[in-house]
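This briefing sets out selected features of the structure shown below. Please keep the sequence and the model at hand while reading.

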Amino acid sequence: MTDSTKQTQPVVSAAEKSSPESPQPWLEELTPRQIVAELDRYIVGQDAAKKAVAIAVRNRWRRAQAPEEIRDEILPNNIILIGPTGVGKTEIARRLARLSGAPFIKVEASKFTEVGYVGRDVESMVRDLVDNAVNMVRSEREDEVFPTAEDRVEERILDLLLPPPLPAPSPPPAATGTPTDPVEDGGSSDVRPLFVVSSGGEIEAQEHPKQKEEIAGAEMARYKRTRDKLRVLLRDGKLEDREIEVEVTQPGFQILDFMQQPQGMEGPDINLGEMLQDMLPKRTKTRVVHVSEARRILLDDELKKLVEMEDVVNEALDRVENHGVIFIDELDKVVGERSQTGPDISREGVQRDLLPIVEGSTVQTRHGYVRTDHILFIAAGAFHVSKISDMIPEMQGRFPIRVELKTLTQADFVRIMTEPENALTKQYQALCASEGAELEFTDSGIEEIARIATEVNDRLENIGARRLHTVMTTLLDDVLFNLPDIPNKKIVFDAPEVRERLMKIVEDQDLRNYIL
C-alpha cells in the first residue's frame with residue numbers, strides 16, 4: 001500500500017474493530033492506548049513493554065502522515081525486551097503478529113548460529129518477511145474478488161452439469177423473390193414449405209428457416225428453465241455428491257523441486273525453477289470429482305485469473321519497506337563476552353551480519369530488491385549469562401530503546417489463569433466440554449495452583465508462566481484420561497483438591513525435578 005493511500009485511511013476505534021461488519025484495521029491505525037488494550041486481553045502485566053511497543057508501532061503511522069521531504073529521514077526506534085524466560089516477551093510478538101495488518105515475522109536468533117551458517121544467511125529473515133507480505137496482499141485481493149469468483153464458478157459448474165445446446169446451423173440464403181419468402185408489406189405471413197431438389201432429381205421438403213428459429217428458441221427457453229432449476233438445487237447444496245468432469249493443471253515436474261537456489265541467491269534473475277516452469281508446457285488432465293471438490297478446484301483457478309500478481313508483489317514490497325516488523329527472539333544467544341577464541345567468534349560474526357540488516361541495506365529477494373531502512377526491529381532476550389554491554393557497540397546503538405520485563409509473582413499467576421481470553425483454565429474447560437463434562441476452578445483452587453507454581457519456580461529454575469503449563473497438566477492428567485468413563489460430569493477443583501493431587505509431587509524433590 002502506497003504512502004498516499006495509507007494516509008487517507010481513518011483511525012479505527014476499538015469499538016469499531018470489534019464489530020463483525022467493520023474491516024480489520026491495521027495495528028498502526030490504533031492509538032497507543034488501544035494497542036495496549038488489545039495486548040491486555042492476552043498478556044498480564046508488563047505495562048512498560050506494552051507501552052514501548054505501542055509507541056514504536058504507532059510511530060509507523062505517524063511517519064506516513066509526515067511531509068514527504070522529511071519522511072525518509074524518520075527512522076524507526078528499534079526495541080530490546082529484556083527479561084527472564086516465561087514473562088511474556090514472545091507472547092507480545094505472537095499477539096502483535098495476529099493484530100498487525102502490516103507484514104510481520106518472528107525469527108530465532110539462535111538459528112543463525114547453526115553449523116554451516118555462522119550468521120551468513122541472516123538475510124533470510126527479510127526474504128521470509130517479503131513472502132509473508134505477498135501472501136497477505138494476495139489474500140486481501142482474493143477477498144475483494146471472491147464474490148465475482150464464486151459467480152463464475154457457479155456458471156462453470158452449471159455448464160458442466162448441463163452443457164449448453166449446440167447452435168443450429170445457419171440456413172442457406174434464399175433467392176430474392178422466390179415463392180418461399182413471406183409476403184411483405186401487409187401480405188400473407190403464412191410460411192410456405194421449402195422444397196429442395198437433390199442431384200438425383202428427388203424432391204425433399206425441409207423446414208423453413210423461420211420454423212428452425214422458432215424450434216431453437218423453444219429449446220433455449222427450455223434449457224434456461226432447466227438451468228435455473230439446477231441453480232436453485234446447487235445453491236441449496238443438493239448437488240454436492242453429483243460427479244462431474246473437470247480439467248485440472250498438473251503440478252510441475254518433480255525435477256524442478258530439486259533445483260533450489262543456493263542460500264543468499266534467491267534473486268529474480270537466477271530463479272531457475274520458476275523460469276523453467278514458465279518455459280515448459282502446462283499439463284492438464286481430466287478428473288471426475290464431486291461438485292463440492294470441483295467448486296474448490298474451480299474457485300482456486302478463478303481467483304488466480306482475477307488477481308494480478310504483479311500488482312500484488314509491488315504492494316507487498318512497499319508494505320515491507322515502510323511498515324514491516326521483524327521480531328528477533330533469543331538475541332542473547334548470539335551475545336557473549338568478547339574474546340579472540342572459542343564460539344564467541346561465531347557469535348560476533350552473527351552480530352556483524354545482523355548489523356547491516358538492522359542498520360539499513362538492500363536485500364535481494366525472489367520478488368525484487370527490498371530496503372530495510374524503515375523496517376522496525378524488536379529484539380528480545382533473557383540476558384542471564386550475557387549483558388547488553390556484551391553486544392558489539394554498533395549493535396547496541398541500533399537498539400536505542402531497552403525495556404526490562406518484571407518477574408512474575410503469585411498474584412500475576414492468578415491473573416494469568418483468570419483474566420486473559422485464552423487463559424489455561426478456559427482452555428481446559430473447553431476441552432472437557434467437548435466430552436459433555438463441566439470443569440470448574442474455584443478461587444481458592446486457582447490461588448493454590450498459583451502458589452504451587454511460584455514455589456516450584458523458587459526451588460527449581462524460574463521459567464515464569466510456563467510453569468503453569470506443567471502444573472496444570474499434572475493436575476488434570478487423571479481427569480483427562482478417565483473423562484469419558486466418569487459418571488459425574490461436573491468436576492470441581494478447590495484448594496484441598498489441588499493440594500491432594502499435587503502436594504505429594506511438590507514435596508518429593510526427585511518427582512518435582514522430573515515432573516514439574
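Gln46 has a relative accessible area of 9% and is therefore buried, where buried means under 20% relative accessible area, exposed over 50% and partly exposed in between (1.4 Å probe, protein chains only). The model is predicted, so local features need pLDDT of at least 70 and side-chain atom pairs count only at pLDDT 80 or more, whereas totals for chains, interfaces and linings use all residues. Residues are numbered from 1 along each chain as its sequence is written, and side-chain values use heavy atoms, with hydrogens and water left out. Helices (H or I, at least four residues) and strands (E, at least two) are DSSP runs, numbered from the N terminus.

**Loop residues with positive phi**

- Gln46 lies in the loop between helix 3 (32–40) and helix 4.
- Phi of Gln46 is near 55 degrees, a positive value in a residue other than glycine.
- Phe383 also has a positive phi, of about 55 degrees, although it is not a glycine.
- The loop that holds Phe383 runs between strand 10 (376–381) and helix 13 (393–398).
- Phe383 is buried because its relative accessible area is 10%.

**Helix 4**

- Helix 4 (residues 47–65) has 19 residues and reaches 27 Å from its first C-alpha to its last.
- This span is close to the 27 Å expected at 1.5 Å a residue, the expected span being 1.5 Å times one less than the number of residues.
- The buried residues of helix 4 include Ala49, Lys50, Ala52, Val53, Arg58, Arg60, Trp61 and Arg63.
- An α-helix has 3.6 residues a turn, so residues three or four places apart point the same way.

- Five strands form an open sheet in the order 2-7-10-1-11, with parallel pairing; two strands pair if DSSP finds at least two bridges between them.
- Strand 2 (104–108) and strand 11 (401–404) stand at the edges with a single partner strand each, so one side of each is left without a neighbour in the sheet.
- On average, neighbouring strands of this sheet are turned by 15 degrees against each other, direction ignored.
- Strand 7 (residues 325–329) pairs with strand 10 in the parallel sense over four bridges.
- Within this part of the sheet, Ile326 stands opposite Phe377 in strand 10.
- Helix 6 (residues 89–99) packs on the sheet and touches strand 1 (79–82), strand 2, strand 7 and strand 10, contact meaning heavy atoms within 4.5 Å.
- The direction of helix 6 makes about 150 degrees with that of strand 2; axes are lines fitted to C-alpha atoms, for helices over the stretch in contact, and angles run from 0 to 180 degrees between N-to-C directions.

**The hairpin of strands 8 and 9**

- Strand 8 (residues 362–365) and strand 9 (residues 368–371) run antiparallel and are joined by four bridges.
- A hairpin links strand 8 to strand 9 through two residues.
- Thr362 stands opposite Arg371 in strand 9.
- The covered face of strand 8 carries Val363 and Thr365, while Thr362 and Gln364 are on the uncovered one.
- In a regular strand the side chains alternate between the two faces of the sheet.

**Helix 7 against helix 10**

- Helix 7 (residues 124–161) and helix 10 (residues 291–306) pack at an angle of about 130 degrees, with their axes 8 Å apart.
- That angle makes helix 7 oblique to helix 10; angles under 35 degrees count as roughly parallel, over 145 as roughly antiparallel, 65 to 115 as roughly perpendicular and the rest as oblique.
- The crossing of helix 7 and helix 10 is right-handed: a crossing is left-handed if the near helix is turned anticlockwise from the far one by less than a right angle, and right-handed if clockwise.
- Residues of helix 7 that meet helix 10 include Glu142, Phe146, Arg152 and Leu160, and those on helix 10 include Val291, Arg295, Asp301 and Leu306.

**Helix 16 against helix 17**

- Helix 16 (residues 443–459) and helix 17 (residues 466–475) pack at an angle of about 120 degrees, their axes being 9 Å apart.
- Helix 16 and helix 17 cross in the right-handed sense.
- Ile449, Ala453, Val456 and Asn457 of helix 16 make the contact with Arg467, Leu468, Val471, Met472 and Leu475 of helix 17.
- Val471 counts as buried because its relative accessibility is 0%.
- The C-alpha atoms of Val471 and Ala453 are separated by 6.6 Å, although these residues are 18 residues apart along the chain.

**Lys285**

- Lys285 is in strand 6 (residues 284–290) and, at 42% relative accessibility, counts as partly exposed.
- Lys285 and Glu247 are 38 residues apart in sequence and 5.5 Å apart in space, C-alpha to C-alpha.
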